[in-house]
Amino acid sequence: MSARIAGVMTILLGTVVASAIGVVSAIQKSRVLFVELTRLGSERDDLNFEFGRLQLEQATWAENNRIEQIARGRLGMVSPNPAETVVLRQ
Amino acid sequence: MKRVKPANTRARLYAVAMVLALTSSALVVRAVDLQVVRKDFYQEQGDQRFLRDIPIAVSRGTIFDRNGEPLAVSTPVDSIWANPVDVLSNAERLPELAKALDLDEDDLKQKLVQRSDKEFVYLKRHLNPDDARAILKLEIPGIATEREFRRYYPNGEVMAHVLGFTNIDDRGQEGLELAFDDWLAGKPGAKRVIRDLHGQVVENVELLREAQPGRDLTLSLDRRIQYLAYRELKSALAEHHATSGSMVILDVPTGEVLAMVNAPSFNPNSRNGNDPANRRNRAVTDVVEPGSTIKAFTIAAALESGKWKAHTPIDTSPGTLTLADGRTIRDVHNKGLLDVTGVITHSSNVGAAKIGLTLTRDHMYDVDHRFGFGEVSGSGFPGESPGLLPIAKSWGPVEQATIAYGYGLNVTPLQLAQGYTAIANNGRLRSPTYVKGAQNPDTAVIDPEIAATLRRMLETVVSAEGSGLKASITNYRVAGKTGTSRAASAGGYDNRHISLFVGMVPASKPRLVGVVVIHDPQGAYYGGLVSAPVFSKVMDGALRLLDVPPDNVKNWFTAAPENPHTIDAKPPSSEDVELSNFAEGVP
């Protein structure tokens, strides 16, 4: 009888110890993962920022006013008048 | 020293044991007190010394135009902040710091001393991240950076009014930035970190709240059309020495705003040096008396009443009409006997007033109201004006006659565009929307037959005998209406004018509606002379950009009609190609 109780107690004790170790290891894992998450998150943010900056740069270069000035001024381009336009149809 | 044998060794042993027991139980009690009873307090005190909950900044969503071009982009910047006490305790480094920040040393010191009871003060906000890193490298105690975002508008003044702007904390203050602030802003997260003596983050401990970055927004605006409208409006203002102007272009099938510009404009990338008056989006916040442009709706009511048909004659001679209160309405020229279409073609005030007086005031009010006048358009733009349409009960015969030709009521340029879009859209009204692909149901406001009749009448305006010839566009049929009204000022009308033009193209199957309003032109001031040419130039470009086919491709007009101007391309052998395949987006 008492041997059985002792057995149960041992098992319970073992479980408690195992769970305690489990908690510690889970916390440790969560810390490691959180650090990883933070690193990846900031990498993602940096890439997004870079993308935003590039978009901005592209938009600045492609600004209509600038395009028009270069096209008309430096390249001497003009809009075709109707006489120079050919309508293609089936 | 004489060695004495202790009298009672046992008693002394007890005494020592007792002291030891007391001491150790005192230690245990103290330990329990610290570890159990007052644990929370000490834990908190400890945490306070190195744990910090810090916000995770999130970037605001990007705003795109309908073709995916960025219109407003947030980029990260760093703000330098200081703990005044720490900085002041290393006062010998102040000159170095002031130099790095490009601030005056005395000002900096004063600022720090004033805030020395605080733990946080911004020294300089929105620095380029590289510059901020250079300052951090100096390793001045008490100096740290915070990530923030700054908004850039690559299209500057062209888009300024409709987009609005954000404040230094990246919250929307005006325009669509304000209207969609919740959508764009996102929610800052929070994380718990360990900070060292200098305020630098040593370790991330846990995530308290995940950051939700702002969502992107795709507008219905088209950057290219917007630019075109702004350029033409601006040059028209310069040419006519006008004070201000607005232009709105709506897409007829969807009610989407393709362009909305105002001049003069402002630079949204700079927070200072802008005249606040120039920041108003006049196209939705400012009202004008619509003048002759309202006649389309008067005629709509007349046609709906059944008393008038498109060719019912009406005598407008002698070109004047005296109202009950003794005021006289005048036409520019006496056109004599016209029909209802002629009243629109020649923009006869007398004709419109006479027709208006045959209708009931409730019916006229109802028609104007159905077309959206006197109500905010539902576009959701902050600060939008509902205009003013006086309630029918307040109308006497004088009011009825004046409203019939466009005075005594106020509309915004956007409302005018909305009303004409309903005519263009077979009598179905839609709230204008700034969001591409938004759910936007329409409601029938007038019979499709009447809308078609109105379009035919409006087409006669843009002809050799009409008032809007200058709105014509090569190869496209234009339907529209000119308008000229006097600017109202306190206590009456002064000698300033407002020139208007509203039109739709292509008239046979309208795709675009445009409104041009120009305030206070000098010299010529008729809408047909000042605003109509702007309409023509902008719409010509917009039709090309959107690949809208002409009303009749076969009749493509060229400057040299004797040349073969239309060539038949070889029909594709395998598949049939329809003209609609060349709709927007396909080169």
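Me: Two residues are in contact if their C-beta atoms, placed from the backbone, lie within 7 Å. Which elements cover the buried residues of α18(B)?

Reply: This is a predicted model. In it, the cover of the buried residues of α18(B) includes α12 (295-305), α13 (340-345), α17 (413-424) and β17 of chain B.

Me: Which residues of α18(B) are the buried ones?

Reply: They are Ile450(B), Ala451(B), Leu454(B), Arg455(B), Met457(B), Leu458(B), Glu459(B) and Val461(B).

Me: Why is α1(A) said to lie largely in the open?

Reply: A buried residue needs 20 or more other C-beta atoms within 10 Å of its own. Of the 60 residues of α1(A), the number buried is 1, so this helix lies largely in the open.

Me: Why is Ala100(B) called buried?

Reply: The cut-off is 20 or more other C-beta atoms within 10 Å. Ala100(B) has 20 such neighbours, so it counts as buried. Ala100(B) lies in helix α4 (residues 94-101) of chain B.

Me: Which residues does Ala100(B) touch, leaving aside its neighbours within four places in sequence?

Reply: Ala100(B) is in contact with Ile135(B) and Leu138(B). Leu138(B) is 38 residues away along the chain, yet its C-alpha atom is 8.9 Å from that of Ala100(B).

Me: Where does Asp447(B) lie relative to Asp33(B)?

Reply: The two are 87 Å apart in space, C-alpha to C-alpha. In sequence, 414 residues separate them.

Me: Why is chain B called more spread out than a compact globule?

Reply: First, its content: 20 helices and 20 strands. For 587 residues the globule rule gives a radius of gyration of 25 Å. Chain B has 36 Å, well over that, so it is more spread out than a compact globule. Its C-alpha trace spans about 150 × 70 × 45 Å along the principal axes. Buried residues are 43% of the 587.

Me: Which domains does chain B have, and what joins them?

Reply: Chain B is divided into domain 1 (54-217) and domain 2 (223-266 + 282-555). Their C-alpha centres lie 47 Å apart. The contact takes 16 residues from domain 1 of chain B and 14 residues from domain 2 of chain B. On the domain 1 side, α7 (160-163) and α8 (175-179) of chain B each give two or more residues. α8(B) gives the most to that side, with 4 residues.

Me: What makes β10(B) and β17(B) edge strands?

Reply: Start with the order. The open sheet of 5 strands runs β10-β9-β19-β18-β17 (chain B), with antiparallel pairing. β10 (257-263) and β17 (479-489) of chain B each pair on one side only, and that marks them as edge strands. Neighbouring strands of this sheet are turned by 10 degrees against each other on average, direction ignored.

Me: Why are β17(B) and β18(B) called paired?

Reply: Pairing needs at least two bridges between two strands. β17(B) and β18(B), residues 492-505, have 10 bridges and run antiparallel, so they pass. The bridge partner of Ser489(B) in β18(B) is Gly492(B).

Me: Which helices pack on this sheet?

Reply: Helix α10(B), residues 223-240, touches β9, β10 and β19 of chain B. Its direction makes about 30 degrees with that of β10(B). Helix α20(B), residues 532-545, touches β9, β17, β18 and β19 of chain B. Its direction makes about 145 degrees with that of β19(B).

Me: How many bridges join β1(B) to β6(B)?

Reply: They pair over 6 bridges in the antiparallel sense. One bridge partner in β6(B) is Arg192(B), facing Asp53(B) in the pairing. Both strands belong to an open sheet of 3 strands, in the order β1-β6-β7 (chain B).

Definitions and conventions:
Residues are numbered from 1 along each chain as its sequence is written. Chains are lettered from A and ligands numbered from 1 in the order in which they are written. This is a predicted model: local features need pLDDT of at least 70, side-chain atom pairs count only at pLDDT 80 or more; totals for chains, interfaces and linings use all residues. A residue is buried if 20 or more other C-beta atoms lie within 10 Å of its own, exposed if 12 or fewer, and partly exposed in between; C-beta atoms are placed from the backbone. Axes are lines fitted to C-alpha atoms, for helices over the stretch in contact, and angles run from 0 to 180 degrees between N-to-C directions. The radius of gyration is taken over C-alpha atoms; the globule rule is 2.2 Å times the number of residues to the power 0.38. Domain bounds come from an automatic or database domain assignment.
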